[in-house]
Amino acid sequence: FAPQTGGDKSATAEIISNDGNSTRKITLSAKALSPAITLNKNVISYLKTDLNNQRTQFYSIKNTGAIDLTINSINLLGANASEFSQEDLVTFPLTISAGTERVFKVFFKPTAAGIKVASLKINTQKIGFKEIALMATATSPILTATTSVDFGTFNKTTENDQHVIDIENTGTSDLNIYKATITGADAGAF
């Protein structure tokens, strides 16, 4: 008995011989136990994430079958797979006992702004492959500012003039300005 899938199995064996009796039929039956995989998510979405920041999401694999589930590998695939990573604590093959669940972490750390897609491909020994889609948006602030301000001509220390320097964030996330300084040979005059 070597079943390819789980569940109740039945067949009939026929024996034909030269003993003068009719064909003998033997009913065969068995129950094949198998693992079953249940994912708590088919899609993992991340909040908007600034460049070089990291976000973590969790997913679980549950064995709802009757025998151990063996996972041979979990791989990141897709156009932006390099911007996602998995926890390093998992070694394969990994066994999940019947009726138990295992929680995993997957990280997103973008290196360029934009919409990011990838997938986790879970390779099991008896069931085949399952996939979880990964989707995220990487954001980045972009500072645009006036590149030059001409104050014109003034008498030495008798006049005072102020100009506005426009600073704008044309990016997709908050821009934080931590410091603004004036440098150069005549910085003290401004």
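The model is predicted: local features need pLDDT of at least 70, side-chain atom pairs count only at pLDDT 80 or more, and totals for chains, interfaces and linings use all residues. Residues are numbered from 1 along each chain as its sequence is written, and side-chain values use heavy atoms, with hydrogens and water left out.

**Stop 1: around D161**

Stay on D161. It sits in the loop between β13 (143–145) and β14 (167–169); strands are DSSP runs of E with at least two residues, numbered from the N terminus. D161 is partly exposed, with a relative accessible area of 32%. On this scale, buried means under 20%, exposed means over 50% and partly exposed is in between (1.4 Å probe, protein chains only).

**Stop 2: a nonpolar patch**

Next, select L143, V149, I165, I167 and I177. Together they form a nonpolar patch on the surface, with about 440 Å² of accessible area. Patch members have over 30% relative accessible area and no salt bridge; nonpolar side chains (Val, Leu, Ile, Met, Phe, Trp, Tyr) are joined within 5 Å, and like charges within 9 Å. The areas come from the Shrake-Rupley method with a 1.4 Å probe, and for residues only the protein chains shown count as cover. Zoom in on I165. This residue lies in the loop between β13 and β14. I165 is exposed, at 51% relative accessible area.

**Stop 3: aromatic rings**

Move to Y46, F84 and F108. These three form one aromatic cluster. Rings of Phe, Tyr and Trp (its six-membered ring) pair if their centres lie within 6.5 Å; planes under 30 degrees apart are stacked, over 60 edge-to-face, and the rest tilted. The count comes to four aromatic pairs. In one of them, Y46 and F108, the ring centres are 5.5 Å apart and the planes meet at 45°, so this pair is tilted. Y46 is in the loop between β4 (43–45) and β5 (49–50), while F108 is in strand β10 (residues 101–108), so the pair ties together parts 62 residues apart in sequence. Both Y46 and F108 are buried.

Then pick K121 and F129. K121 lies over the face of F129, 4.3 Å from the ring centre. For this, NZ of Lys or CZ of Arg must be within 6 Å of the ring centre and within 35 degrees of the ring normal.

**Stop 4: salt bridges**

How many salt bridges does the structure hold? There are two, each a side-chain nitrogen of Lys or Arg within 4 Å of a carboxyl oxygen of Asp or Glu. Select K25 and E14, which meet at 3.7 Å, N to O. K25 is in strand β2 (residues 24–32) and E14 in strand β1 (residues 7–15), 11 residues apart. K25 is exposed, at 59% relative accessibility.

Now select K116 and E83, whose closest N and O atoms are 3.0 Å apart. K116 is in strand β11 (residues 114–124) and E83 in the loop between β7 (69–77) and β8, so this bridge ties together parts 33 residues apart in sequence. Is K116 buried or exposed? K116 is buried, at 5%. E83 is buried too, at 7%.

**Stop 5: backbone details**

Most residues other than glycine have a negative phi, and most peptide bonds are trans. Find F92 and P93: a cis peptide bond joins them, with omega about 0°. P93 is in the loop between β8 (84–86) and β9 (94–96).

Finish at N52. Its phi is positive, about 65°, although N52 is not a glycine. N52 lies in the loop between β5 and β6 (55–63). At 54% relative accessibility, N52 is exposed.

Definitions and conventions:
Helix = DSSP H or I, 4+ residues; strand = E, 2+ residues; numbered from the N terminus.
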